[in-house]
Amino acid sequence: MSLSVLDLFSIGIGPSSSHTVGPMRAGRRFAIGLQRDGQLAEVARVSVGLFGSLGATGRGHGSDRAVLLGLEGADPETVDVEHAVGRVEAIRAAGELTLLGEHRIDFDAEADLVLHLRKSLPGHPNGMRFTAYDADGNTVREREYYSVGGGFVVDSRDVDRDSLPGDEVRLPAPFETAPELMEACRISGRSIAELMMANEDAFRPREETRAALLRIWAVMQECVETGCARTEPLLPGGLQVRRRAPALHRSLREHYEKAQRDGGSNDPLWAMEWVNLYALAVNEENATGGRVVTAPTNGAAGIVPAVLHFYTRFIDGADDDGVIDFLLTAGAIGIIFKQCASISGAEVGCQGEVGSACSMAAAGLCAVLGGTPQQIENAAEIGIEHNLGLTCDPVGGLVQVPCIERNAIASVKAINAARLAVLGDGSHRVTLDQAIRTMRETGADMKSKYKETSRGGLAVNVIEC
């Protein structure tokens, strides 16, 4: 497969890339298929079944809402996040759904949208089945889709070959593994970012890639700003989780202003306080259903932005070119994870989400700190090695506990990994590919209750109040 950096980093809606963004895209894809094949006018009813992890935690992750919005034509990048919940409530109250905004049908949310708590489809833990019927009850169209992590959606007919965007694009420097990436850099004399940009040129003009990456960075910054400015004291969902980013932001601003008056801060870990803030702000915004960047997933959406903010604020000489190099390098590592293992918490646990994001952020930061390809690979390996075995056990099926705080911890870990790698010469005992292979095997051995089902770990040991 040929993946672009813009497949790894995409603008979407919280709280989950696999459980919100993916289902929205699947619903829209199903409706567009009806329209494209001239079947839309025949449809009198649509039924949707969510299976596996989508069925088990779909309500907490907003999967049910996302499907309805997708059927009405909403796209994760442009959907009105402030009015999305209200639109879903209107659909339920009226008992009507408007496919792609143009064909109205009756819709009984209780009967036509079913979350199967104990059933799964064979291709992946995140399965969906869409069926459209005519007025006589005959099937007009039926499709099964899988949300395979990071917002990627695969048709069941393509799941065996994992058909993804960009399959037909011929890249000048293709790679699937870290050794192949290292060899391509060695032969070409290019950095990882330069090699990635050359590959991106096969997808679109370079100016468009630069503009798109800077747009990604702008949305990351907007997400932090919005998360810091929120006035609601609690996150939605019923867990009574308190927002921390706004108060922490005020505290750090006050501390900064006082330090400026007193001649500067003498706290050696001052930067880490801000990194924690950046990650918390993004993931609290994600938990609210706000606009975020999948990086490479929503559950781990705070790590790359937090480390990128660290670069732009605390590293001398940081500029837009560095931001682009950071994202291209991080994207290269994310592509290896996607191709060789998984970025889906429902498939391999949180090691595939927070672990891969930590690895990507460590690689990106190492690159802009002047790291060689070998040092970057070392930083990426450190980032994933020390997240191996991480379970995905969201309390109450919400992307809040332990997800939000976990992003802050992993962000600091990524910075440490990058700095540690830069101090070395790039040689290390455990390779990135070995660590990724271990992650994949660990995920396969992990019991399903620890993989985004809310049936194990903290999800059953933390009392919901």
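Buried area is the accessible area, computed with a 1.4 Å probe, that two parts lose on being put together, summed over both. By this definition, the area buried between domain 1 and domain 2 is about 1500 Å², and carbon and sulfur atoms give 52% of that area. The structure is a predicted model, in which local features need pLDDT of at least 70 and side-chain atom pairs count only at pLDDT 80 or more, while totals for chains, interfaces and linings use all residues. Residues are numbered from 1 along each chain as its sequence is written, and side-chain values use heavy atoms, with hydrogens and water left out.

The domain assignment of the protein chain places domain 1 at 13-158 and domain 2 at 178-450; such bounds come from an automatic or database domain assignment. The C-alpha centres of domain 1 and domain 2 are 30 Å apart. Their contact (heavy atoms within 4.5 Å) takes 23 residues from domain 1 and 21 residues from domain 2. From the record, an unreviewed UniProt entry, comes the annotation "domain: Serine dehydratase beta chain" for residues 4-156; annotations of this kind may be inferred rather than shown by experiment. The span 4-156 is 37% helix and 28% strand, and its end C-alpha atoms lie 22 Å apart. Helices (H or I, at least four residues) and strands (E, at least two) are DSSP runs, numbered from the N terminus.

Helix H10 comprises the 17 residues 245-261. The buried residues of H10 are Ala245, Pro246, Leu252 and Ala259, where buried means under 20% relative accessible area, exposed over 50%, and partly exposed in between (1.4 Å probe, protein chains only). These residues cover an arc of only 150 degrees around the axis, which puts them on the same side of H10; the arc is that of the directions from the helix axis to the C-beta atoms. The face turned away from this buried side carries the exposed residues Arg250, Glu254 and Arg261. On the buried side, H10 packs against helix H9 (206-229) and helix H11 (270-287). Just after H10, Gly263 takes a positive phi of about 100 degrees.

Helix H12, residues 303-314, is mostly covered, with 9 of its 12 residues buried. Among them are Ile303, Val307, Phe310 and Tyr311. The buried residues of H12 pack against H9, H11, helix H13 (320-340), helix H15 (354-368) and helix H17 (403-423).

Most residues other than glycine have a negative phi, and most peptide bonds are trans. Ser454 is buried, its relative accessible area being 19%.

Two cis peptide bonds may also be located. One joins Gly14 and Pro15, with omega of about 10 degrees, and Pro15 is in the loop between strand S1 (10-13) and helix H2 (17-36). Another runs from Val401 to Pro402, with omega near 10 degrees; Pro402 lies in the loop between helix H16 (373-385) and H17.

Technical notes. The expected span of a helix is 1.5 Å times one less than its number of residues.
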